Amino acid sequence: MNNLVTDILAPKTNLQLKIGLYFGSYNPIHIGHLAIANYMVEYTDIDQLWFVVSPHNPLKKKNNLLDDYQRLELVHRAVEGDDRFRASNIEFSLPKPSYTVDTLAYLKEQHPNYHFKILMGSDNLENFHKWKNYETILGNYGIIVYPRPGFDPDKVLVEKNITMAKDAPLMEISSSFIRKAIKEGKDVRHFLPQKSWEYLEEMNFYR
């Protein structure tokens, strides 16, 4: 497995950057994730996007969830060579279960010159008020919302620090669809970045 360079190991810098944090299990990462990420770095004000791989919650059943570092490797291979993106294992070393507000506080401590924004789907926005210390997140960090199919942005009250990416492409590809298709023996190589697909095939995942 590659020697991954993550935000934990990144050198301190005085460079001012706007970082978009794209949380997910990435089980597996697919072209829908990459399309959304590409849109965000090109059409919003963020400079770099970090794919934050969510660790397995020990209090929940694992089901079809790959090992944390296997999913991290899939993401790393997907973004390798693109300086706009980074694979992040930041939550692997934090207390479980992971809370976004705690992750943000740790990242801000490690990178005081960075301004962090959360990328979230419109489905998560509807339940955002249930997140731990959501007022702190809303007050101190930006949120960029990308639409899910069927979402009506005009019905959501947009508050300060929440930006709606209304023109972002709608993605209906899901990791669960890919896992099911692989289990059924379908060839879904074009639903994943090539290097991620090659690793998935090499390791015989989801069979």
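Is Lys132 buried, partly exposed or exposed? Lys132 counts as partly exposed, at 37% relative accessibility; here buried means under 20% relative accessible area, exposed means over 50%, and partly exposed lies in between (1.4 Å probe, protein chains only).

Before continuing, please note that this is a predicted model, in which local features need pLDDT of at least 70 and side-chain atom pairs count only at pLDDT 80 or more, while totals for chains, interfaces and linings use all residues. Residues are numbered from 1 along each chain as its sequence is written, and side-chain values use heavy atoms, with hydrogens and water left out.

Helices (H or I, at least four residues) and strands (E, at least two) are DSSP runs, numbered from the N terminus. Asp102 is partly exposed, with a relative accessible area of 36%.

Asp45 lies in the loop between helix H1 (31-43) and strand E2 (48-53), and Lys117 lies in strand E4 (residues 114-121), so the pair ties together parts that are 72 residues apart in sequence. Asp45 is partly exposed at 34% relative accessible area, whereas Lys117 is buried at 12%. As a general point, side chains of opposite charge can pair when their charged atoms come close.

Which residue forms a salt bridge with Glu184? The partner is Lys180, and the closest N and O atoms are 2.5 Å apart. Lys180 counts as exposed, at 51% relative accessibility, while Glu184 counts as partly exposed, at 46%. Then display Tyr206, 22 residues from Glu184 along the chain; the C-alpha atoms of Glu184 and Tyr206 are separated by 9.6 Å.

Select residues 68-79, the twelve residues of helix H2. At 1.5 Å a residue, H2 should span 16 Å, and its end C-alpha atoms are 17 Å apart, which agrees; the expected span is 1.5 Å times one less than the number of residues. How many residues of H2 are buried? Nine of the twelve are, and the helix is mostly covered. Among the buried residues are Leu72, Leu74, Val75 and Val79, together with Asp68, Arg71 and Glu73. The buried residues of H2 pack against H1, E2, strand E3 (85-88) and H7, where contact means heavy atoms within 4.5 Å.

Look also at both ends of this helix. At the start of H2, a side-chain oxygen of Asp67 reaches to within 3.0 Å of the backbone nitrogen of Tyr69. Just after H2, Gly81 takes a positive phi of about 90°.

Select the loop between strand E1 (17-24) and H1, where Pro28 lies. A cis peptide bond joins Asn27 and Pro28, with omega of about 5°. Tyr26 is found in the loop between E1 and H1 as well, and its phi is near 50°, a positive value in a residue other than glycine. Tyr26 is buried, with a relative accessible area of 2%.

For another cis peptide bond, select Lys96 and Pro97; omega is near -5°. Pro97 is found in the loop between E3 and H3.

Finish at Asn204, in the segment after H7. Phi of Asn204 is near 60°, a positive value in a residue other than glycine. Asn204 is partly exposed, with a relative accessible area of 48%.

Terms used
Salt bridge = Lys/Arg side-chain N within 4 Å of Asp/Glu carboxyl O. Polar contact = N/O pair within 3.5 Å; in protein donor to acceptor, adjacent residues only side chain to side chain.
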